[in-house]
Amino acid sequence: MNCPYCNYHDSKVIDSRDVNEGIRRRRQCLSCDSRFTTYERLQPTSFFVIKKDDRREEFNRMKLLTGIRKACEKRPLPTGTVDQLADDIEAELYRLSKAEIPSAVIGDMVMERLKNLDYIAYIRFASVYREFTDITILKEEVDTLVGSQTETSHPSSQLPLLPDDELETVARKRQRNRK
Ligand SMILES: [Zn+2]
C-alpha cells in the first residue's frame, strides 16, 4: 500500500482495531510522515451466473461494468456514477450469498437502478438485455417512463448542475413562461 500523499511504498502501523468484519489500520508513511487509514476485509467467495442457455459463468465485475457503461454512454451523468452503480450491484449480489445467480436477477437490478438514474440509459440497457424484438413493448416501456418523468418536477435524467434552490427558481420561471 503506497502512501497516498507521496506514493512511498512503506509505512508503519500505528493503530489497529477490529471493525465490523474487518480490520482498520492507521498507518504512517515512513517517508513523509503522513497518516492514512487502510481496511482489511475478507474477500467474499465468488459466485456463478446462470446464463439464459443454462451455462454457468463466473461472475465478472468488468462485464457488468461494461454493460452499464455502454448504456450510459454520452449521458449527462457525473463522473463515477457508473462505477458506483456497478459497486452497489456487486455488493448486493454478494450479500445474497448464493453460489449461483441467474443473469436475469442481475439484469433486473441494473434496470431498476437505471430507471431511477437516466431513462435513456435504461431504455438502451433494456433493449439489449430484454431483447425487445417487439417494438410495441418497447414503445409501451418508453411511454410509461415518459409519463412518470413528466409527473416529477426534477426529472432524474437531468442531474442538477445548480444547487437545489437555484434549480427551483429556474423551474418556477420555466413554468411561468409556459403559462
Ligand atoms: Zn508519504
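How are the donor residues of the zinc ion spaced in sequence? They follow the pattern C-x2-C-x22-C-x2-C. The model described here is predicted.

**Zinc site**

- The zinc ion has four protein donors, C3 (SG), C6 (SG), C29 (SG) and C32 (SG), which lie 2.2 to 2.4 Å from it.
- The site of the zinc ion is tetrahedral, with angles of 106 to 114° among the four donor atoms.
- For comparison, the ideal angle for four tetrahedral donors at a metal is 109.5 degrees.
- Because C6 belongs to the segment before β1 and C29 to strand β2, this pair ties together parts that are 23 residues apart in sequence.
- C6 is partly exposed, at 34% relative accessible area, whereas C29 is buried, at 1%.

**Sheet**

- Three strands form an open sheet in the order β1-β2-β3, and their pairing is antiparallel.
- β1 (11-19) and β3 (35-41) are the edge strands; each has a single partner strand, so one side of each is left without a neighbour in the sheet.
- On average, neighbouring strands of this sheet are turned by 25° against each other, with direction ignored.
- β1 and β2 (residues 22-29) run antiparallel and are joined by eight bridges.
- V13 has R27 in β2 as its bridge partner.

**Salt bridges**

- Side chains of opposite charge can pair when their charged atoms come close.
- The model has eleven salt bridges, counting a side-chain nitrogen of Lys or Arg within 4 Å of a carboxyl oxygen of Asp or Glu.
- R25 and E40 form one of them, with their closest N and O atoms 2.9 Å apart.
- This pair links distant parts of the chain, since R25 is in strand β2 and E40 in strand β3, 15 residues apart.
- E40 is partly exposed, at 43% relative accessibility.
- D53 and R55 form a salt bridge whose closest N and O atoms are 2.9 Å apart.
- D53 is partly exposed at 48%, and R55 is partly exposed at 48%.
- D83 and R69 meet through their side chains in a salt bridge of 3.7 Å, N to O.
- That pair also links distant parts of the chain: D83 is in helix α2 and R69 in helix α1 (residues 61-71), 14 residues apart.
- D83 is partly exposed at 31% relative accessibility, and R69 is partly exposed at 41%.
- A network of salt bridges links K51, E57 and K63.

**T81 in helix α2**

- T81 is found in helix α2 (residues 81-95).
- T81 counts as buried because its relative accessible area is 17%, under the 20% cut-off.
- The T81 side chain reaches the backbone oxygen of P78 at 2.5 Å.

Terms used
Residues numbered from 1 in each chain as written. Predicted model: local features only at pLDDT ≥ 70, side-chain atom pairs only at ≥ 80, totals over all residues. Heavy atoms only, no water. Pairing = 2+ DSSP bridges. Helix = DSSP H or I, 4+ residues; strand = E, 2+ residues; numbered from the N terminus. Axes fitted to C-alpha atoms, helices over the stretch in contact; angles between N-to-C directions. Donors = N, O, S within 2.8 Å, 3.2 Å for Na, K, Ca; no water. Tetrahedral: all angles 85-135°; square planar, octahedral: opposite > 155°, others 65-115°. Buried < 20%, exposed > 50% of the residue type's maximum accessible area, 1.4 Å probe, protein only. Polar contact = N/O pair within 3.5 Å; in protein donor to acceptor, adjacent residues only side chain to side chain.
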